Amino acid sequence: MTRPEKPALILIDIQKGMDDLDYWGGRRNNPEAEENARQLLDYWRAEQLPVYHVKHNSTNPQSRLRPGQPGNEIKDIVKPQREEPLLQKHVNSAFIGTDLQQRLEAACIKTLVIVGLTTEHCVSTSVRMAANLGFTVYLPSDATATFDKVGPQGKKFSAETVHEVELASLHQEFATVLTTREVLKLVAH
């Protein structure tokens, strides 16, 4: 693979409210996801590559991500710097109700690296939409995570299973799934 020109890093919903495991379904996979996102963010900042933060402002009154709640805040490990845009959304896609697409197009950005929470919700929705809009997308598998899920018939699916199935669904259809290390190697060439 050749080094993408001016890839943008998109950090989705890495918010304090995601730490409430009981609220989100119990066990979570990839406990190092935020640290891996931080490694990517450090590299992007050092290389002065474009960074966009996205946060979910839930309209659900019970949500940990509702505006005005402590859980709505971006986690300190990836806290936006003053010059880094913070886009706010109310739905799963980072492209709906925000000007993300317009910002990327105005900056002539064609390649995205998307990280964040959760794999099968906002990350997946944003990856799918980005690909449908014509962007080339890289998804670091170890810089995203999810929680255990219970299906409609009551069957429990582990966070790791949910994560792996979602990555399999996205890979080579909507994104190239790599690890954080592989993404850093790719952009460093």
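## A tour of pocket and helices

Start at the largest pocket, which has a volume of about 180 Å³. A pocket here is an open set of points on a 1 Å grid over the protein atoms alone, where a 1.4 Å probe fits, with protein on both sides within 12 Å along at least five of seven lines. Grid points are joined across faces, edges and corners, and the volume is the space filled by probe spheres set on them.

This is a predicted model, where local features need pLDDT of at least 70, side-chain atom pairs count only at pLDDT 80 or more, and totals for chains, interfaces and linings use all residues. Residues are numbered from 1 along each chain as its sequence is written, and side-chain values use heavy atoms, without hydrogens and water.

Next, select Met18, Trp24, His56, Leu65 and His121: of the 16 lining residues, these lie nearest the centre of the largest pocket. Lining residues have an atom within 4 Å of a point. Helices α1 (21–24) and α4 each give two or more residues to this lining; helices are DSSP runs of H or I, at least four residues, numbered from the N terminus.

Now select α4 (residues 119–132) and α5 (residues 159–170), whose axes come within 11 Å and cross at roughly 10 degrees. Axes are lines fitted to C-alpha atoms over the stretch in contact, with angles from 0 to 180 degrees between N-to-C directions. Because angles under 35 degrees count as roughly parallel, α4 is roughly parallel to α5.

Last stop: leucine 184, in helix α6 (residues 180–188). Which residues does leucine 184 contact, leaving aside its neighbours within four places in sequence? They are Gln39, Leu40 and Tyr43, where contact means heavy atoms within 4.5 Å.

Conventions:
Parallel < 35°, antiparallel > 145°, perpendicular 65-115°, else oblique.
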